[in-house]
Structure formats: structure tokens, C-alpha cells
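Could you walk me through this model, one selection at a time? I have it open in a viewer and would like to know what to click on next and what is there.

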Amino acid sequence: MRNGSDPVSLSSTGPDYFDIDPLLSEEERSIRAMVHDFVAAEVMPTIGENWLKGVFPSDLIPKMAQLGIFGPTLPEKYGGAGISQVAYGLIMQELERGDSGLRSFASVQSALAMHAIFRYGSEDQRLEWLPRMTRGEVIGCFGLTEPDAGSDPGTMRTRARRSGKGWVLNGAKRWITNSPIADVAIVWARDDEEKIRGFIVPKGTPGMSAPEIETKISMRASVTGDIILEDVEVGEEMRLPEAKSLGAPLSCLTQARFGIACGAVGAAMDCFNEALAYAQDRIAFGRPIAQTQLMQERLVDMLSRISRSQLVALRLAQLKEQDAHTYAQVSMAKRDNVRAALEVARMGRELLGGNGITVEYRAMRHSANLETVDTYEGTYEIHTLIVGRDITGLNALG
Amino acid sequence: MNVVVLVKQVPDTATRIKVSSGGVEIDPRGVNYVMNPYDEFAVEEALRVKELHGGQVTVLTVGGEKADEALRTALAMGADEAVRVSADAKDPLTTARAIASVVRELGPDLVIAGKQAVDDDQGQVGSLVAALLDWPQVTVVTELELSPEGGVAEREVEGGVEVVEFSLPAVLTAQKGLNEPRYASLPGIMKAKRKEIRQVAVDAAVTGEPVLRTTALHVPEERSAGIILRDMDAAALAKELVRLLHEEAKLI
């Protein structure tokens with residue numbers, strides 16, 4: 001009952017058809033409940049309108065920071081809370097139950113920008129940036145994709161040339177979540193030895209700009225933009241010292257993809273809960289539409305997909321907790337969970353009939369968002385080929 | 001100023017309640033339990049009292065191990081200590097006797113409870129505790145100001161607000177609108193995990209005999225969906241309405 005919402009309007013964190021809850025610790029359930037309540041009270045009432053207007057609700061940034069959900073798996077000395085991977089996955093699930101754009105914001109902050117600094121930065125860089133990023137005072141973005149280098153980031157054209165004691169960056173990045181509102185960008189570029197290097201580039205560095213991409217008809221409550229780099233000078237102290245190859249940004253992607261695999265479950269759950277309630281309520285031909293074979297099949301299909309995705313997400317999180325996961329497992333989970341969520345959202349939209357095409361209902365917003373999620377952070381096809389290579393030992397990726 | 005907050009774990013109000021086979025209790029299977037929403041206001045107010053006047057916030061519940069979750073939620077919001085009372089509490093009075101005996105030992109300046117629990121809606125425990133302790137009680141509080149000796153509280157009354165003064169120690173019950181409860185934070189949840197929940201057993205001699213006994217519990221009968229008459233002119237509509245009231249509803 002946060003913020004005066006009615007005591008009877010608390011919604012469920014389910015579905016949980018396979019009784020997965022007992023596999024979570026009490027603390028993991030508490031963390032999920034906290035984020036769930038937050039999203040129900042602070043996000044749901046206005047997300048439809050924000051989405052229509054194409055507005056990211058930036059007033060949520062300090063509130064999310066106060067909950068502690070930026071970089072929550074990091075050690076306390078960097079401002080994190082040292083939570084489990086399972087708990088992190090549940091945070092992503094509950095954020096995406098609200099909107100994929102909200103989860104994307106948190107993913108980029110935590111799994112891409114902060115993770116890059118944590119994993120590849122110096123101790124000085126960590127202490128300088130991470131605590132402020134956990135507090136939401138500094139918003140990060142992650143510049144890897146380019147207009148002509150998407151699925152094959154190894155062909156990136158952005159250059160980093162040595163100049164005196166520092167570096168000069170030139171190039172363009174595209175489809176960068178948060179870039180227009182970010183205070184700092186992690187920029188990946190090719191050096192003179194053709195090695196991929198990472199740089200921390202603060203907003204306002206001369207020669208850097210981040211125009212917004214304003215024509216999206218998906219993920220409308222999330223800010224996406226370019227990063228343009230024209231003779232941008234940065235000091236050597238802004239280079240991530242431990243990042244020495246393309247493997248560095250790719251390992252950040254593995255972090256983010258894990259969060260996406262968990263997050264997509266939340267969007268699907270929201271669509272299912274909405275569809276089930278609607279089907280039980282909506283009368284056609286003198287009975288609830290839930291009492292028809294066609295709708296029951298649809299609801300069962302939706303819940304089956306969600307149950308599978310939940311179990312995969314949980315197991316992946318457990319493996320990740322033990323650092324026993326592979327990037328191919330992450331690829332399979334991202335590929336399959338997002339596609340399943342997209343299918344669930346579409347089925348939910350169909351079940352809602354004409355009502356389903358309005359923003360008063362949630363299915364079509366989720367469905368439109370998930371079109372992006374299915375494509376970004378490695379398309380469905382790229383993940384097919386990553387897993388395909390893993391199970392055959394043969395590389396079909398170009 | 002030391003505050004004891006009384007909390008109760010209740011079924012999430014979104015849960016569909018089923019009555020267990022015995023017919024006097026709800027079936028706990030598949031039920032998601034949360035802290036009673038009115039108790040969240042009580043915890044929040046206690047934390048604000050502490051922030052303003054110093055002291056300690058102790059949360060207290062009566063129940064089995066399962067009830068620890070409500071206590072952990074309060075600890076994660078910022079409460080300092082938690083006590084779980086195990087007692088054979090069968091009705092509001094036996095529950096209140098168990099609580100009063102522990103509160104007497106804790107000796108706080110203030111006890112705050114939710115105005116009622118949303119599961120059984122009895123709304124008795126806070127008042128009974130006050131009566132058993134012989135302390136002033138202010139119920140359904142929407143605004144609170146404290147000084148070291150006493151306080152002023154606003155209460156919701158029909159069509160307006162009543163302002164009352166009271167001395168300490170006292171028992172207050174919290175109404176929606178008293179404050180905006182904070183969310184537990186992640187660091188709060190992690191810290192709460194490491195805190196110990198003190199268990200206190202209260203024996204049957206203290207709780208005594210219940211004065212109420214639940215004899216039956218049933219869910220409301222399902223009503224069939226209504227009928228909306230449309231696409232008719234007024235005369236036809238009136239005629240159809242009369243026919244339905246006479247033949248279907250048998251009211252006229």
C-alpha cells in the first residue's frame with residue numbers, strides 16, 4: 001500500500017505454476033517484493049501515458065537509486081549491496097513487468113556501464129565512478145554498436161589514436177540506450193594496433209554529442225540515441241586498463257543478456273495476468289471467454305512459455321552465481337525467453353480483442369517493446385548461431 | 001524515544017482466499033503473505049519518530065516462524081530490533097495479553113500498531129493492549145506530533161478531524177494517510193538478513209482463555225454477471241426491464 005494506493009490493489013508477483021518460490025531465499029523474495037511494490041505504485045499508473053508521449057520517466061531515477069538497484073551485485077565498497085545473481089534477475093523481472101524501457105535503463109546502468117568500469121577499470125576509476133552511479137547521480141551508457149557494425153562489432157570503425165599522453169577518438173555509435181541523458185559514456189574503439197579499447201568519456205567532453213533517435217515505435221518510454229565523436233580528446237587515465245580486446249565489451253554484453261533473459265519473463269507475466277483476468281471477466285455468447293476452448297488453449301500456451309522461461313532464468317542465475325555459466329547458455333536463455341515473451345505478449349493482445357490495441361491495456365505496449373528486446377543485445381538469429389556453433393563446433397557466423 | 005511497533009503478517013490482498021477443510025481457517029496453501037498494509041504506516045511513523053527524537057524502533061509480532069518475514073520487512077525498512085512472540089493466541093484478547101506482557105518488559109515510550117489487520121478486520125489488538133497496560137490510546141491516527149512528555153494526534157472522524165492530546169507512554173493505531181511508507185532498500189534488506197530475531201515465549205497462564213471462538217468461515221457466494229439492456233427505445237426498454245424483474249428476478 002505504498003503512496004496511498006488502495007490496500008486491495010496489491011497485485012501478485014506470479015504466476016508461479018511450478019511452485020518456484022520455495023527455491024528462492026527469503027531475502028530474494030523480499031527484494032522481488034520491494035521492486036514489485038515500487039513498480040506497481042510508481043510506474044504502472046503513468047507508464048502508458050509516458051510511453052505514448054515517448055517520455056522516459058526520469059523522476060524514477062533517484063527513486064530507483066534509493067532502492068539500491070543500480071549495480072546491486074557489486075561489493076559494498078563501490079556502493080553495491082552484494083546481492084545474489086538470482087536476486088538481480090528478479091529485479092530485472094519486476095522492472096520489466098512494468099516496462100522493457102525501465103528494465104533497459106537499469107540494465108545499461110548496471111550491467112553495461114557499471115560492469116565495464118568494475119571489471120575493466122582501475123581501482124581509481126572504480127572508486128571515482130561506481131559509488132556515484134549506484135546513487136543515480138551519474139547515468140551511464142555503453143557505446144559499442146555502430147551504424148554499420150551491429151551484429152558484427154568486430155568491424156567497428158570508431159578509432160582511438162594516441163596523441164601525446166592521451167587519446168583522440170573519432171567515429172559514431174548508434175542505438176545507444178540512455179545516450180542523450182547519460183553523464184558518461186563507455187566508448188569502445190579500435191586503436192592503431194587494431195585492438196579494441198574502452199574509454200570513459202564524460203558528457204560535455206569537446207567534440208562529443210549524443211542526439212536522440214526520436215522515431216521509434218517500440219520502447220517509447222526509453223531514451224535511445226547516437227554518440228558522435230569528432231576529435232574527442234581523453235587522457236590515458238580515462239582508458240579502461242584491463243580491456244584489451246573485443247572480449248571485454250562482449251563480456252559486458254553477457255552480463256546484460258542475462259538480465260534480459262530474466263527481465264523478459266516479467267513482461268510475459270504481466271501479459272498473462274492481464275489476459276487471464278480479462279478472459280475470466282469478459283462475457284461473450286453468454287459466458288466468460290475463459291470458458292471457451294480457444295481461449296483456454298491460448299492461456300495454457302502463455303503460461304507454459306512463462307513457466308519454461310522462469311525455470312531457465314532461475315537455473316541460469318544459479319549457474320552465474322557459481323560462475324559456472326557459459327556465454328552460449330546466456331545466448332540460449334536470451335534468445336528463447338525473449339521470443340517466448342514476445343509470443344506471449346502477442347497472444348495476450350489477441351485475447352484482449354479490440355481493447356488490446358489501446359494503451360489502457362498492457363499487452364500491446366509490451367509486445368511493441370519486445371520487438372526491440374528480440375533484436376537488441378544480439379538478435380534472435382545471432383544467438384541461434386552462437387548456440388549453433390557451441391553445439392556443433394562449427395562456426396556459421398560469417 | 002523508544003517505540004514498539006506491532007505488526008502482523010497477512011495474506012496478500014490480491015490472493016484468492018480458500019477456506020480449509022475444517023471450515024474455520026483459511027487454506028494457507030498458495031497464499032502469498034505480506035506485512036499488513038496498515039502496519040506499514042505504523043513502521044514508517046516509528047522510524048520518523050526515531051529520526052526526529054532518537055531512540056530505538058522494535059518491531060513485534062505474534063506467530064510462528066513464517067511471521068519472521070514481516071519482521072524482516074520492517075528491519076529492512078530500518079527498524080533496529082525484532083521480537084517474535086510465540087504464544088497460544090486464539091483470539092484478539094489472548095493475542096493482546098501476550099503482547100502486553102512483552103511490551104511491559106520492553107518498557108517503550110510508545111506503541112504503534114496498524115488500525116486493523118486486513119485479514120480478519122478485528123481491529124481490537126491495539127486497543128486491548130492499551131487497556132491491559134492501562135495506557136492512553138489514540139486510534140485511527142492520521143497526524144502525529146510528539147514531545148518528550150506527550151503528544152498531539154489527529155484522528156479521522158466522520159466528516160472531519162479530531163485533535164487529541166495524550167501523555168506517554170501511549171498506544172496509537174495508524175490510519176492510511178498518516179505518512180507515506182518508505183520502501184525497504186537493497187542494503188536494508190541485506191542488513192536485515194544479518195539481524196537476529198529475538199524469540200520470546202509467553203505461556204498459557206499469561207495468555208489465558210480466549211473469549212471469542214470462530215465457528216464458521218465462508219467466502220461470499222458468487223453472483224452471476226449482470227445484464228445490460230441496450231439498443232432499445234425507452235418504451236421497449238421499460239417493458240423488457242419490467243419483464244426481467246418479474247420473470248427472472250421475481251422481484252415484482
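Start with both chains in view, each in its own colour. Chain B and chain A bury about 2,400 Å² between them, and carbon and sulfur atoms give 57% of that area. Keep in mind along the way that this is a predicted model. To find where the chain B side is most involved, select Y183(B), L186(B) and M190(B): in chain B they lose the most area to chain A, together 30% of what that side buries.

Now widen the selection to everything in contact.

**Across the interface**

Next, look for charged pairs that cross from one chain to the other. There are four salt bridges between chain B and chain A. Select R29(A) and E69(B) for one of them; their side chains meet with N to O at 3.3 Å.

Because E76(A) lies in the loop between helix 2 and helix 3 (85–98) of chain A and R194(B) lies in helix 5 of chain B, the pair joins two chains. Are these two residues buried or exposed? Both E76(A) and R194(B) are exposed.

**Salt bridges elsewhere**

Zoom out for a moment: the whole structure holds 43 salt bridges over all chains. In chain A, select E42(A) and K63(A), whose side chains meet at 2.9 Å, N to O. E42(A) sits in helix 1 of chain A and K63(A) in helix 2 (residues 60–67) of chain A, so this bridge ties together parts that are 21 residues apart in sequence. E42(A) counts as buried at 13% relative accessibility, while K63(A) is partly exposed at 32%.

Move on to E242(A) and K244(A), another salt bridge, with closest N and O atoms 4.0 Å apart. Here E242(A) is partly exposed at 45% relative accessible area, and K244(A) is partly exposed at 48%. Then select E44(B), R48(B), E51(B) and R182(B), which salt bridges with shared partners join into one network.

**Backbone details**

Most residues other than glycine have a negative phi, and most peptide bonds are trans. With that in mind, here are some backbone stops.

- Select G14(A) and P15(A): the peptide bond from one to the other is cis, with omega near 5°. P15(A) lies in the segment before helix 1 (26–53) of chain A.
- Select L168(B) and P169(B), joined by a cis peptide bond with omega about 0°. P169(B) is in the loop between strand 9 (160–167) and strand 10 (170–174) of chain B.
- Select D19(A), which is not a glycine but has a positive phi of about 50°. D19(A) is exposed, at 53% relative accessibility.
- Select W175(A), in strand 3 (residues 166–177) of chain A. Its phi is also positive, near 60°.

**Buried residues**

Finish inside the chains. V85(B), in strand 5 (residues 81–86) of chain B, is buried with a relative accessible area of 0%. Beyond its sequence neighbours within four places, its contacts include L60(B), V62(B), A98(B) and V200(B).

T58(B) is in strand 4 (residues 57–62) of chain B and counts as buried at 8% relative accessibility. Among the residues in contact with T58(B), leaving aside those within four places in sequence, are V4(B), V83(B) and L106(B).

For the last stop, go to helix 7 (residues 293–321) of chain A and select S309(A). S309(A) is buried, with a relative accessible area of 4%. Its side chain reaches the backbone oxygen of R305(A) at 3.0 Å. Not counting residues up to four places away in sequence, S309(A) touches V265(A), N337(A) and A340(A).

Terms used
Residues are numbered from 1 along each chain as its sequence is written. Chains are lettered from A and ligands numbered from 1 in the order in which they are written. This is a predicted model: local features need pLDDT of at least 70, side-chain atom pairs count only at pLDDT 80 or more; totals for chains, interfaces and linings use all residues. Side-chain values use heavy atoms; hydrogens and water are left out. Buried area is the accessible area (1.4 Å probe) that two parts lose on being put together, summed over both. Helices (H or I, at least four residues) and strands (E, at least two) are DSSP runs, numbered from the N terminus. Buried means under 20% relative accessible area, exposed over 50%, partly exposed in between (1.4 Å probe, protein chains only). Contact means heavy atoms within 4.5 Å. A polar contact is a pair of N or O atoms within 3.5 Å; within protein, one must be able to donate a hydrogen and the other to accept it, and residues adjacent in sequence count only if both atoms are side-chain atoms.
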